[in-house]
Amino acid sequence: MATLLRLERVSKIYPPYIQALDRVDLEVEKGEFIFISGPSGAGKTTLLNLIFGLERPSSGRIYYAGREYGRLSRTELIRLRRKMGFVFQDFKLLPNKTVFENIYLGLEILGVSPSEAYQRVYPWLRRLGLAGKEKARVETLSGGEKQRVAIARAVVREPELILADEPTGNLDPQRTREILEILEELNAEGITVLVATHDESLYRGRHRRVLTLKGGRLVEEDV
Amino acid sequence: MFRRFWREFGLNRGAYLMTLFILAVAVSVLLFFSFFYYNLYSFSRRAARGLALTVYLEPGVSPQQRQAVRKALASLPGVVEIRLVKRSQVLAELRRIFRTNPDVLEEIDLSRLPSFFEVVFRDPLRDLERARARVPAIRKLPGVLEVQYARSWLGRIYNLSQLVKRLTFLSGIFLLVSLAFLMAVNIHLTLEKQREEIEVLYLLGATPGYIARPKVLAGFLVGLGAGLLACLLFGALKTYLDRALLGLWPFVDFQWEGLPWQFLILTVGGVGFFSALVSWFSVRRYFS
């Protein structure tokens with residue numbers, strides 16, 4: 001399989017001197033499903049942010065499909081993000097907009113017309129248990145529903161890579177299982193998935209590659 | 001693009017409309033001064049058409065002195081022709097005028113008739129005004145009897161038109177500064193209002209250019225709208241002036257002239273373009 005993502009000795013230091021990541025090496029093949037585990041504050045979100053291009057590493061190099069982030073302009077880096085779907089821990093939804101409008105935002109950037117968007121969004125709403133909620137304002141939804149809207153917004157764009165930061169943090173066990181199944185289905189369709197979680201039960205018994213962040217270093221776990 | 005523009009306009013309708021009206025007033029001020037200047041200038045030009053500088057020579061002027069005077073006149077700005085009207089020509093003209101009453105000429109000492117130079121300028125009003133400072137020196141040249149030139153009300157009108165020209169220029173600068181300030185503040189306000197949405201768009205892969213486009217289009221259309229509204233206000237003002245001042249100066253053939261349509265198109269388009277430019281830079285500044 002071809003390499004989709006490569007991190008070479010990537011470090012991230014926040015001023016004055018907080019080492020979030022320390023010489024992290026990571027190679028992700030296309031179509032892989034990887035869990036990144038570690039306790040809160042271990043640097044999982046920082047790692048995903050660096051991969052997503054939201055932050056620049058203090059040192060080291062990140063490659064996406066052979067393109068090094070350091071060589072890309074700001075605009076090119078933003079455009080690269082369109083190939084990825086990010087499920088944020090705090091959802092990053094617009095509370096005063098409807099479910100459909102929130103999901104459509106990501107598609108509109110890709111130039112998808114509203115009529116085409118309806119056809120792409122509705123199957124996902126059904127699949128994520130949000131059918132009938134498309135006109136509901138996000139502020140009226142529960143935490144779990146918001147989480148699913150955030151997932152729908154990420155997956156509806158058919159990204160090459162999905163980055164999910166604690167995607168089941170607000171869900172009950174039933175919904176957690178469903179979300180993981182959806183992510184696994186997407187992975188089976190060829191989409192690469194990186195899930196950051198502090199919840200060990202999420203990956204136990206799933207026979208997936210698990211990487212753990214300890215003291216800013218990434219360690220491969222044998223699960 | 002237009003869908004996003006309409007959403008942008010709908011979200012910030014109040015701010016954009018307020019900007020449009022204030023800009024329209026600023027453009028109207030510019031158009032008013034331009035109109036006033038244009039009318040003063042064209043009126044004074046019309047009135048000054050055919051004006052020339054006349055330099056009368058002493059009856060006993062020598063050829064060398066005449067040559068020196070011609071040389072001095074040739075050095076004046078904007079001179080296109082210097083005609084020497086000889087005493088014989090003056091005499092012939094007088095005889096033509098008084099051909100029905102030749103007795104009049106018999107009482108005149110024709111040997112005292114002066115010859116003169118008639119200096120024709122490219123732009124009589126402007127060039128005569130510029131030549132005015134040099135007249136005392138010409139008057140002192142040997143062989144010069146008198147110098148005559150337009151220095152009365154036409155000169156004053158010309159000076160007034162120059163003052164209005166400066167005011168027009170200042171109002172143009174005022175328009176540009178107020179336009180830049182208003183649009184920049186307006187765009188900043190709309191960006192602040194949509195901060196959360198912009199943050200999400202940015203996370204989803206929207207470039208600053210993508211976010212800027214509907215705002216730049218809105219800026220352009222607001223500028224264009226302000227320009228058109230100002231033209232309407234100006235049209236109303238001109239109609240009012242035409243009616244109010246009709247027959248005010250019975251001895252002067254004066255009619256208000258409208259501004260050339262090319263100037264109006266340039267102004268409206270320029271305001272639209274400049275608004276779009278300011279909007280673009282405001283968004284860029286916000287993102288930097």
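Me: Which elements supply at least two residues each of the lining of the largest cavity?
Reply: In this predicted model, they are α3 (99-109) of chain A together with α1 (2-11), α9 (195-203) and α10 (208-244) of chain B. The lining holds 14 residues, and Arg7(B), Gln194(B), Glu197(B), Leu201(B) and Pro214(B) lie nearest the centre of the cavity.

Me: What makes up the lining of the largest cavity by class?
Reply: There are 7 nonpolar, 1 polar and 6 charged residues. The volume of this cavity is about 150 Å³.

Me: Why is the pair of Phe52(A) and Phe88(A) called edge-to-face?
Reply: The ring centres are 6.2 Å apart, and a pair needs them within 6.5 Å. The planes stand at 80 degrees, and over 60 counts as edge-to-face, so the pair takes that name.

Me: What does the pair of Phe52(A) and Phe88(A) tie together?
Reply: Phe52(A) is in helix α1 (residues 44-52) of chain A, while Phe88(A) is in the loop between β6 (84-87) and α3 of chain A, so parts 36 residues apart in sequence are tied together.

Me: Why does Phe52(A) count as buried?
Reply: Its relative accessibility is 2%, and buried means under 20%, so Phe52(A) qualifies.

Me: Why does Phe88(A) count as buried?
Reply: Phe88(A) has 5% relative accessibility, which is under 20%, so Phe88(A) is buried by that cut-off.

Me: Which residue lies over the face of Phe52(A)?
Reply: Arg81(A) does, at 5.5 Å from the ring centre. In chain B, Arg4(B) lies over the face of Tyr210(B), at 3.6 Å from the ring centre.

Technical notes: Residues numbered from 1 in each chain as written. Chains lettered and ligands numbered in written order. Predicted model: local features only at pLDDT ≥ 70, side-chain atom pairs only at ≥ 80, totals over all residues. Heavy atoms only, no water. 1 Å grid on protein atoms, 1.4 Å probe; cavity = no way out; pocket = protein on both sides within 12 Å on 5 of 7 lines; lining within 4 Å. Points joined across faces, edges and corners; volume = space filled by probe spheres on them. Helix = DSSP H or I, 4+ residues; strand = E, 2+ residues; numbered from the N terminus. Nonpolar A, V, L, I, M, F, W, Y, C, P; charged D, E, K, R; others polar. Phe/Tyr/Trp six-rings, centres within 6.5 Å; stacked < 30°, edge-to-face > 60°. Buried < 20%, exposed > 50% of the residue type's maximum accessible area, 1.4 Å probe, protein only. Lys NZ or Arg CZ within 6 Å of the ring centre and 35° of its normal.
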